[in-house]
Amino acid sequence: MKFITSSEQLLNTIQPLIGIVGTNPALPIIENLLLEIDNGHLHVKATDLETTIINSTPVESDSNSSIAVNAKLLLDTLKAFPAQPLTFKTNEETNTLEISSEKGSYSLAYLNSDEFPNTPELDDSKSTLLNIETLKKGIKNTLFATTNDELRPVISGVYVEISNNKILFVATDAHKLVKYENSINSAENTSFIVPKKPLQLLKNNLTDIDSEVKLQYNKTNAIFSFKNMHIYCRLVDGTYPNYEAVIPTENPNILSLERDLLLNSLKRVSIFSNQTTRQIKFKIQGSEINISGEDIDFSNKASEQLKCDYDGQDIEIGFNGKFLIEILNTLETKKINMYFSSPSKAAIIKPEENEGSEKILMLVMPVMLNN
């Protein structure tokens with residue numbers, strides 16, 4: 001193998017993959033990156049066995065071959081170089097990848113590429129194109145609401161449903177729930193659960209992308225393809241819970257408020273709340289909401305009064321302040337509406353106005369108040 005490329009270009013190709021590089025004592029090969037030259041293009045692959053990511057870049061080369069190189073060592077090497085051309089050449093006698101720069105030469109040990117795990121092949125697959133902005137917003141609005149509980153893998157990912165030219169994203173951790181819906185140009189009808197890690201990779205790498213994303217999928221795997229990158233993931237096996245059952249349908253009490261006003265108030269009051277329960281109390285009367293928090297163990301407490309638009313009966317209801325802050329931080333609208341039915345039922349939060357065909361619903365479960 002021999003190829004020439006700039007240190008900066010190769011670094012930019014490798015960096016998006018580093019987050020997926022696995023550490024598995026039983027399979028040390030996945031601590032490496034697979035470098036594969038094919039017709040003047042370098043394809044770099046990383047995997048943790050559940051998720052695989054491939055990124056490509058053109059290089060100057062007249063050979064087709066592949067090797068596996070330690071990911072951290074190669075990354076640290078490239079970071080240490082200023083932008084300049086580098087020549088990479090394998091020495092098959094010593095099993096090393098020799099790097100030549102303007103000022104020196106360096107050698108990294110490499111492994112046989114045959115040991116590297118194969119990329120999943122999607123048999124009986126279908127595909128559809130996803131609008132980049134819709135995909136970005138769907139991930140942004142739901143990813144934070146997934147659980148980290150490994151014992152409940154079904155809700156550790158995001159439920160995606162495509163039907164009737166619409167796409168739906170749903171996420172929950174049993175304390176909060178998000179439902180994001182938008183229109184897309186797709187005649188497909190399907191649903192699946194995507195794990196958190198590939199969605200985080202997508203979120204990190206879609207920032208400067210302006211093209212559509214191709215989604216290819218079957219019953220067990222999915223591939224997201226855009227620009228020079230392909231993200232393969234194993235879908236979560238299982239049935240997503242009936243999320244519609246926990247969304248209250250009768251919510252006669254409606255609170256309307258500026259998002260930033262409520263968010264900043266919650267941030268201040270939360271400092272004085274119990275740091276274990278994070279309990280915050282809303283007391284809504286007429287056109288005023290009192291937001292309070294208390295930590296009895298340390299004699300800390302705070303309360304604020306905000307003017308609001310409220311249509312409904314006076315109500316006192318408790319929430320985990322951390323969850324409310326996460327929800328309000330995610331929403332980008334100027335004003336929000338909160339819908340209540342009773343102190344023991346979930347509250348619904350929506351943007352006051354949705355953009356076009358976009359619909360966002362966020363739900364947060366109440367907590368029992370300490371009276």
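Modeller: Rings of Phe, Tyr and Trp (for Trp, the six-membered ring) form a pair if their centres lie within 6.5 Å; a pair is stacked with planes under 30 degrees apart, edge-to-face over 60 and tilted for the rest. By that rule, ring pairs join Tyr 159, Tyr 240 and Tyr 243 into a cluster. The model is a predicted one, so local features are reported at pLDDT of at least 70 and side-chain atom pairs at pLDDT 80 or more, whereas totals for chains, interfaces and linings use all residues. Residues are numbered from 1 along each chain as its sequence is written, and side-chain values use heavy atoms, without hydrogens or water.

The setting comes next. The protein chain has six helices and 25 strands (DSSP runs numbered from the N terminus: H or I of at least four residues for helices, E of at least two for strands). Its C-alpha trace spans about 80 × 50 × 35 Å along the principal axes. Of the 371 residues in the protein chain, 51% are buried (buried is under 20% relative accessible area, exposed over 50% and partly exposed in between, with a 1.4 Å probe and protein chains only). Among contacts (heavy atoms within 4.5 Å) in the protein chain with a separation of 6 or more, 65% are between residues 24 or more positions apart.

Now the ring pairs themselves. The structure holds eight aromatic pairs. One of them is formed by Phe 81 and Tyr 106: the ring centres are 5.3 Å apart and the planes stand at 80°, so this pair is edge-to-face. Phe 81 is in the loop between H2 and strand S6 (85-91), and Tyr 106 is in strand S8 (residues 105-112), so the pair links distant parts of the chain, 25 residues apart. Phe 81 is buried because its relative accessibility is 14%. Tyr 106, at 34% relative accessibility, is partly exposed.

Another pair, Tyr 159 with Tyr 240, belongs to the cluster already named. The ring centres of Tyr 159 and Tyr 240 are 5.2 Å apart and the planes are at 20°, so this pair is stacked. Tyr 159 sits in strand S10 (residues 158-163), while Tyr 240 sits in the loop between strand S16 (229-234) and strand S17 (253-258); the pair therefore ties together parts that are 81 residues apart in sequence. Tyr 159 counts as buried, with a relative accessibility of 12%, and Tyr 240 counts as buried at 9%.

Phi of Asn 164 is positive, about 50°, although the residue is not a glycine. Most residues other than glycine have a negative phi. The relative accessible area of Asn 164 is 66%, so the residue is exposed. Asn 39 also has a positive phi, near 50°, and is not a glycine. Asn 39 lies in the loop between strand S2 (32-38) and strand S3 (41-47). With 62% relative accessibility, Asn 39 counts as exposed.

Ser 186 is another loop residue, placed between strand S12 (176-183) and strand S13 (190-194). Its relative accessible area is 4%, so Ser 186 is buried. Beyond its neighbours within four places in sequence, Ser 186 contacts Thr 128, Ile 162 and Asn 165. Thr 128 is 58 residues from Ser 186 along the chain, yet their C-alpha atoms are separated by 6.5 Å.

Ile 223 counts as buried because its relative accessibility is 7%. Once the neighbours within four places in sequence are set aside, the contacts of Ile 223 are Leu 122, Lys 214, Leu 215, Gln 216, His 230, Ile 231 and Tyr 232. Cys 233 is 10 residues from Ile 223 in sequence, and the C-alpha to C-alpha distance between them is 6.5 Å.

To return to the rings: the Phe 81 and Tyr 106 pair is edge-to-face, the Tyr 159 and Tyr 240 pair is stacked, and Tyr 243 joins Tyr 159 and Tyr 240 in the cluster.
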